[in-house]
Each structure stands twice: as structure tokens, then as C-alpha cells.
Amino acid sequence: MQKQMVEERHALGEERKKLQSEWVERQQRRIKELEAQFAEMQKRFDENVARVVEAVKERELRAQIEKQHDGRCRTLRGAAREELNAAVVQTISEAQSDLGIQAGSPEAFSADRLQPGAKIRVRDSASP
């Protein structure tokens, strides 16, 4: 009986070692699977971060270009407006001179004096 108990105890010990060994192997496989999944997730995360960074850089660059473009357009519009105003003043001045009106005189050119159908003469033009 004692011999049988020793044998069973020995068999149980062997079975326990076998189960422990299998459990350790399963845990190691699971850890490897989790590490592989983590590595894949990390790779996707890094790719997504890189895409976001590129999108932000692209957006910032686009915004910077648009800002520069808007500034240039404002500058050009301002310059064009100044040139147009100068040309209008010059044209009005020349028209007043052609009409014999001096700038600053009480009879200075006024848009209120113009009426539809009024005849005007433009300098360097042949027709009245």
C-alpha cells in the first residue's frame, strides 16, 4: 500500500510537472502573440502619427502660403487703388483745366454738376 502511494505520489508529481510545463509554454506563446499584436499596433500608431504630422505640416504650409498670398494681394490692391485714385485725380484735374476751372476755385469740378446727356470734353480727344 505504501509502495502504491509512493508510486501514485510520484505519478502525480510527474503529472504536475507536465501540466506546469504545458502552462508555461501556453503563457509564453500567448506573450509572443501579444508582443506581435503590440508591435503591429505600435507600427500602425507610428504610421498614423506620421500621417497626422504630415497633414499638419501641409496645412501649416498651405496656411503660410495663403497668408503670404493674401498679403501680396492686399499690397497689390492697395497700390492699384492708389494708382487708380491718382489717375482719376489727374483726369479730373485735366478736365477742369480744359473747362477753364482752377482746382480749389468755387467752380471746381463736382460730380453733382454732371447730368445725364451733358457734353464733356476729354483731353487729347478730337470730339467734343
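Q: What makes E40 partly exposed?
A: E40 has a relative accessible area of 39%. Buried means under 20% relative accessible area and exposed over 50%, with partly exposed in between (1.4 Å probe, protein chains only). E40 is therefore called partly exposed. The model is predicted: local features need pLDDT of at least 70, side-chain atom pairs count only at pLDDT 80 or more, and totals for chains, interfaces and linings use all residues. Residues are numbered from 1 along each chain as its sequence is written, and side-chain values use heavy atoms, with hydrogens and water left out.

Q: Why is the contact of E40 with R44 called a salt bridge?
A: The closest N and O atoms of E40 and R44 are 3.9 Å apart. A salt bridge requires a side-chain nitrogen of Lys or Arg within 4 Å of a carboxyl oxygen of Asp or Glu. The pair therefore qualifies. E40 and R44 are four residues apart in helix α1, so about one helical turn separates them. R44, at 44% relative accessibility, is also partly exposed.

Q: How many salt bridges does a search of the whole structure find?
A: The search finds three. Among them is R30 with E33, at 3.5 Å from N to O. R30 and E33 are three residues apart in helix α1 (residues 2-99), which puts about one helical turn between them. Both side chains belong to partly exposed residues, R30 with a relative accessible area of 40% and E33 at 44%. Another bridge joins E58 and R62, with an N to O distance of 3.1 Å. E58 and R62 are four residues apart in α1, again about one helical turn. R62 is partly exposed at 42% relative accessibility.

Q: How do you know that the length of α1 agrees with its number of residues?
A: The expected span of a helix is 1.5 Å times one less than its number of residues. For the 98 residues of α1 this should be 146 Å, and the end C-alpha atoms are 141 Å apart, which agrees.

Q: What makes the nonpolar surface patch, and where does V49 lie?
A: F45, V49 and V53 make a patch of about 250 Å². Patch residues have over 30% relative accessible area and no salt bridge; like charges are joined within 9 Å, and nonpolar side chains (Val, Leu, Ile, Met, Phe, Trp, Tyr) within 5 Å. V49 lies in helix α1, and its relative accessible area of 38% makes V49 partly exposed.

How values were computed: Helix = DSSP H or I, 4+ residues; strand = E, 2+ residues; numbered from the N terminus. Areas by Shrake-Rupley, 256 points an atom, 1.4 Å probe, with all protein chains shown as cover.
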